[in-house]
Amino acid sequence: MNAPERSLKRVARAASGPHGAGARRPFVDGVEKVTGTARYTADLPADQALVGKILRSPYAHAELLEVDISEALALPGVHAVITGDACDMPYGVIPIAQNEYPLARGRVRYCGDPIAAVAAVDEATADAALARIRLRVKELPAYFKAADSRQPDAILLHENKPGNIERQVHNEFGDVEAGFAEADLVREHTFECAEVHHAMMEPNAALATWDAERGHLTLHSVTQVPYYVHLTLARCLRMDPAHIRVIKPFVGGGFGHRTEALNFEVICALLARAACATVRLLQTREECFLAHRGRPEQQTRIRIGLKRDGRITACQAEVVQRGGAYGGYGLVTILYAGALLNGLYDIPAVKYDGYRVYTNTPACGAMRGHGTVNARYAFESLLDMMAGELGLDPIEVRRRNLLKAPTETINGLKIMSYGLPECLDWVEQASGWRERRGQLGKGRGLGVACSHFVSGSAKPVHWSGEPHAVILLKLDFDGGVTILTGASDIGQGSSTIITQVVAEILGVDYSRLRIIANDSAITPKDNGSYSSRVTFMVGNAAARAAENLRALLITAAAKRLQVREDEVEWLGESAVVASDPAREVAFTDVVEEALVATGTLTVKGTFTCPEEFQGGKHRGGAVGSTMGFSYAAQAVEVSVDPDLGTIKVEKVWAAIDCGFAINPMSVEGQVQGAVWMGMGQAISEETVYEDGRHQVANLLDYRVPTMAESPEIDVHIVESIDPNGPFGAKEASEGPLSGFMSALAAAVEEATGARLTRLPMTPDRVFEALHPKSRPAREGAAGGNR
């Protein structure tokens, strides 16, 4: 049965029970988490494990002339001290952009760059050893802003990257100049977004064990991508991958921070091998901020053309991102920023120029809503500003530019389902938009915005020809079904979704199912949890595995009942003869029959994205391509204190087209989390560097919203039933984030009359926008304001 058939069948009937697709089911690992019995990497028992510690660079940019470790090695209790000499292989998540070493070789490029590491009997000894390492360096000019790094006389951070440009992108689809000529109104503005960090709850941690007799390595880590970590370890340690085992325990959030192998994971493995022992490497919160991989600081200069009725005629955008010291996901991020200008509205012409720039700051990477958030903030904000200038309702402007599915965008993105119209309708009605907009009184406002995101990248980072996702189902004598998956549950509930998919198709009692995830010695390879791929891709693989197992069980039931297979009606916990329901065989008896002469059954399901969904033929065309886009609309109501400059988010109405909600409770939680993270970026979160040193590398100074700032968030689910998703499902976690900031900016403008164009909208920036004569004018608000 293919995906469309599954979708139609699911819609045509009720769910098989309270546990299948469509059920509001608690997470399968929820009990362990709420009772405190879940074991995270730092909790794992490891008797006599050595303590690992990293010496980090105090310099933002310098040549390493000498790293003297002799005194550290001589210290009693020190089992290993390693430097850049321990690994001469660069790594990075993108195969064509691998320019980072676990420990610096020849040069350090940001404050915090790892230089050396020690393994010792206890923390005090490890700290003492680090203090005994002597450095001799030659400091180099450092660049903390993209503009400075791009100056003609700037020293190159990487010799093969002229102009300190990691990647530049230049695309044009349609006739942009003709589109602007056709427009009745053309406006251009620049929007600035600060760099932000993931602020995941669990700090980074790794536990590595070296088996000296066999030359084998076992690593436990907090990763979202065990497969990519496995590849990186094999590369950096020059090991046969068969000699490596990677295990992901419970993970306390990721949001993109852990979608690539990070230096501490490789360093822990190198230390374990050097010491021939087990090494535990726990990172402080500050070290998590230094590992970073967050959303880059970005300037977006955007130009839009509109007809008097609000129809978009053209869009042009220039994006400059401060990428940090190393490649990471950078070339993908800058491509996403341009590619997903498309796919939300019907735009006949788009021109995009993007620049990802190296700087002497921690490397940026993927973060929830990867690549799209800042560009969407700029687009939606300018669209609102132009709607106001034309005297048009912002919701009506968006309605006049809606797509019709199925369709293909000008840059080759296929759109098979599109529930944005219904999202807008609900937000308009639920927020009282027509009655309340502009009527809330002084200091209060209401704004709206739309957004979208991919349901998994159509083309994987490491193209090997293997399926995008693989699921194994094991059925044995006990009648239990074990789901084996390499997909990483990092708190988003993917293991629950997979289990519900299997439960729906097999129809068995939920208690028969167990799921084992993320042990490379046991579970099949999976590309990981990123780009919202798990529900769509792994969910499809799970559905196919369950269908294959059900087919085997129907064959066994027919044999036991002594009828043809097409005469069997499968009921899950039993099977009956369709024409004679009194003739019934229990599930346990079916299993007994199925195992005759074969023993344990292991059934596989796979999923691969068809080539026609893998993007346009232009360079970088695969980035942004997917089999299904989620769509979201949201309205945000705020109150603003003009004397303090503080913004209070009073309420948010968010509608999400997730195709089909396999677990509505999970979808609602994901949308609320996306809104909450968007709120953090909009009003408070910002990394700050002074001479390259991180000034807010803790969760007191880095201002994440708390429960006190969290508003009421009403979530509405729109089910457009995607023809390719499992039961019609699409992603629900990342799409809603990028609409929040521009909706907030519109609400603040209605409340105060000032349009802020720089994030975050902190009290000082709001105050300056409202009182422009109180301080010297600075950039940050439209119309001459802050």
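Before you start clicking: residues are numbered from 1 along each chain as its sequence is written, and side-chain values use heavy atoms, with hydrogens and water left out. As the model is predicted, local features need pLDDT of at least 70 and side-chain atom pairs count only at pLDDT 80 or more, while totals for chains, interfaces and linings use all residues.

**Stop 1: the cores**

Select Phe379, Leu420, Phe740, Leu744 and Met761. Of the 115 residues in the largest nonpolar core, these five touch the most other members. A nonpolar core here is a set of buried Ala, Val, Leu, Ile, Met, Phe, Trp, Tyr and Cys residues joined through side-chain atoms within 4.5 Å. Buried means under 20% relative accessible area, exposed over 50%, and partly exposed in between, with a 1.4 Å probe and protein chains only.

Now colour helix α11 (residues 373–390), which gives this core its largest share, 10 residues. Helices (H or I, at least four residues) and strands (E, at least two) are DSSP runs, numbered from the N terminus.

Zoom in on Phe379. Apart from neighbours within four places in sequence, its contacts (heavy atoms within 4.5 Å) are Ile302, Ile304, Ile312, Cys315, Leu341, Tyr345 and Ile347. Then jump to a second, separate core of 56 residues, with Val481, Ala546, Leu595 and Phe613 among them.

**Stop 2: Met537**

Pick Met537 in helix α16 (residues 534–561). Buried or exposed? Met537 counts as buried because its relative accessibility is 3%. Beyond the four places either side in sequence, Met537 is in contact with Ser455, Gly456, Ser457, Ala458, His468, Ala469 and Phe607.

**Stop 3: the largest cavity**

Show Asn171, Phe173, Gly338, Ala339 and His618, which lie nearest the centre of the largest cavity among its 14 lining residues. A cavity is a set of points, on a 1 Å grid over the protein atoms alone, where a 1.4 Å probe fits but cannot get out; lining residues have an atom within 4 Å of a point. This cavity holds about 100 Å³ of space, a volume being the space filled by probe spheres set on the points, which are joined across faces, edges and corners. Colour β7 (165–173), α10 (330–339) and β15 (350–358) to see the elements that give two or more residues to the lining.

**Stop 4: the cysteines**

How many disulfides are there? The count is zero, with a disulfide taken as a pair of cysteine sulfur atoms within 2.5 Å. Cys658 is buried, at 0% relative accessibility.

**Stop 5**

Most residues other than glycine have a negative phi, and most peptide bonds are trans. Against that, check the cis peptide bond from Ala405 to Pro406, with omega near 0°; Pro406 sits in the loop between α12 (394–399) and β16 (407–408). Leu759 and Pro760 are also joined by a cis peptide bond.

Finish on Asn164, not a glycine, yet with a positive phi of about 60°. Asn164 lies in the loop between α5 (146–149) and β7.

Definitions and conventions
1 Å grid on protein atoms, 1.4 Å probe; cavity = no way out; pocket = protein on both sides within 12 Å on 5 of 7 lines; lining within 4 Å.
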